[in-house]
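Student: I would like to learn how to read the pockets, cores and backbone of a structure. Can we work through one together?

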Amino acid sequence: MAVFNFSAGPSMLADEVKLEAQREFLNCVNSGMSITEMSHRSKPYEKIHNESISLLRELMNIGDEFEVLLLQGGASQQFDAIPLNLLVNKGRADYIITGNFASKAFQEAQKFGDVSIAASSKDRNFAYIPNVDSINFRSDLDYIHFTYNNTIFGTKFTNLPKTSTTLVSDISSIILSENIEVNKFGLLYAGAQKNIGPSGLTVVIVRKDLIGTCLPICPTMLKYSVQTENNSLYNTPPCFSIYMATLTFRWIKKLGGVDAINKINKYKAGLLYDFIDNSKFYKNPVDIADRSLMNVPFTTPSAELDAQFVKGAESLGLLSLKGHRSVGGMRASIYNAMPIEGVKTLISYMEKFELSQK
Ligand SMILES: *Cc1c(COP(=O)(O)O)cnc(C)c1O
């Protein structure tokens, strides 16, 4: 049975990417070895590593003033690495709290400096994004941090704070799904397992002038300067995840790049939101202007029906639709690799499920 996997992460990969990995697995780039067995200091590996960085630069239009680092530890490790590397001039940063990951980032940063909450949408269970133009950020900050797309709550920022302070953003669940103005930021970071490839890889895009000094307690492995000097090969990198990322980057490029895939993403999300908005049975809790294109939470009229919905969906191969425990209901994660057909199949199941309740 064909399945459509709506998991928030690790999530679907494109069939083309998986087939290429399968085809090459016993003999990666004519080395006679699989990618998982190769020295990370070997020529064939180095080629894949560097192609990954240059393709990401091309797809995201990343200028020469930025370094692209391929790290481990997940986005969560960057919750520590960012303050350890950036709280160096003023020792102060402001965070916008729009969900669980933003809160976790804030909690970690608090250990390393004078870190404060500039705005939060907790009052309505994170169902909206605070208006960035009315936030009063403190002065003399090293940076402002926000979570661009909130994977659990299904919200995303559409406007960036207008400020001369360095902007830092967690783009784990939005990277490569739409154009991000990289040059408006000092640092962007993303765990790979949402829109890039398997877990194990974390991408960090950091402006070169922010690399150099860090807090004295910063562990060597977390220093952007050490990773930069070693082209992210200070120790063994997550070779397989980087290889899979390279295949995904090639796939996106072949499709026409980020703008082309963004058109498809808007279409897919539009189908689902239109269906929900035209239904009296299903609801999405998020303010319309702040809706994510990647993660779509929704509910039926009761928790019992939600559970029935998820069970019925699974039997049809529509997988991982159960919502996060802090929101309840369902969540459809429709990242780049989710085909239009997957969203249409979900909607036709939603129609049938609703009718079966009448
Ligand atoms: C999944 C996710 C994380 C956590 O990522 P890890 O790589 O598991 O640490 C952090 N932020 C956002 C926005 C996410 O979607």
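**Reading the loops, cores and spaces**

Tutor: Begin with N61, which sits in the loop between α2 and β2. Keep in mind throughout that the model is predicted.

Student: What is the phi of N61?

Tutor: As a general idea, most residues other than glycine have a negative phi, and most peptide bonds are trans. N61 is not a glycine, yet its phi is positive, about 55°.

Student: Is N61 buried or exposed?

Tutor: Exposed counts as over 50% relative accessible area. N61 has 66% relative accessibility, so it counts as exposed.

Student: Where is S320, and what is its phi?

Tutor: S320 lies in the loop between β12 (318–319) and β13 (330–333). S320 is not a glycine either, and its phi is positive at about 60°. With a relative accessible area of 37%, S320 is partly exposed.

Student: Which residues does the cis peptide bond join?

Tutor: The cis bond is between G9 and P10, with omega at about -10°. P10 is placed in the loop between β1 and α1.

Student: Now the interior. How should I read a nonpolar core?

Tutor: The general idea is that in soluble globular proteins, nonpolar side chains tend to be buried together. Here the largest nonpolar core has 56 residues, and the members that touch the most others are M60, Y148, I171 and L176. Two or more residues of this core come from each of α1, α2 (43–60), β2 (66–71), β5 (143–147), β9 (187–191), β10 (202–207), α6 and α7. α6 gives the largest share, 9 residues.

Student: What is L176 in contact with, leaving aside its neighbours within four places in sequence?

Tutor: Its contacts are L56, L59, M60, I196, F249, I252, V258, I261 and N336.

Student: Next, the spaces. How much space lies in the largest pocket, and which residues are closest to its centre?

Tutor: A pocket is an open set of points, whereas a cavity is a set from which the probe cannot get out. The largest pocket holds about 310 Å³ of space. It is lined by 20 residues, and M12, L13, A337, M338 and P339 are the closest to its centre.

Student: Which elements supply the lining of the largest pocket?

Tutor: At least two lining residues come from each of β1 (4–5), α1 (15–24), α6 (239–255) and α7 (258–277). α7 has the largest share, with 3 residues. Domain 1 (15–254) and domain 2 (257–356) each contribute at least three residues to the lining. Sorted by class, the lining has 14 nonpolar, 3 polar and 3 charged residues.

Student: What about the second largest pocket?

Tutor: The second largest pocket has about 180 Å³ of space. Its lining consists of 13 residues, with L86, V88, N89, D142 and L210 closest to the centre. The classes are 6 nonpolar, 4 polar and 3 charged.

Student: How many cavities of 30 Å³ or more are there?

Tutor: The count is 2. The largest cavity contains about 90 Å³ of space. Of its 16 lining residues, M12, L13, N195, I196 and A337 lie nearest the centre.

Student: Which residues line the second largest cavity?

Tutor: The lining is made up of G99, N100, F101, T147, N149, N150, T151, I152 and F153. At least two of the lining residues come from each of α4 (100–109) and β6 (149–150). The second largest cavity has about 40 Å³ of space, and its lining divides into 3 nonpolar, 6 polar and no charged residues.

Methods: Residues are numbered from 1 along each chain as its sequence is written. This is a predicted model: local features need pLDDT of at least 70, side-chain atom pairs count only at pLDDT 80 or more; totals for chains, interfaces and linings use all residues. Side-chain values use heavy atoms; hydrogens and water are left out. On a 1 Å grid over the protein atoms alone, a cavity is a set of points where a 1.4 Å probe fits but cannot get out, and a pocket is an open set with protein on both sides within 12 Å along at least five of seven lines; lining residues have an atom within 4 Å of a point. Grid points are joined across faces, edges and corners, and a volume is the space filled by probe spheres set on the points. Helices (H or I, at least four residues) and strands (E, at least two) are DSSP runs, numbered from the N terminus. Ala, Val, Leu, Ile, Met, Phe, Trp, Tyr, Cys and Pro count as nonpolar, Asp, Glu, Lys and Arg as charged, and the others, Gly among them, as polar. Domain bounds come from an automatic or database domain assignment. A nonpolar core is a set of buried Ala, Val, Leu, Ile, Met, Phe, Trp, Tyr and Cys residues joined through side-chain atoms within 4.5 Å. Buried means under 20% relative accessible area, exposed over 50%, partly exposed in between (1.4 Å probe, protein chains only). Contact means heavy atoms within 4.5 Å.
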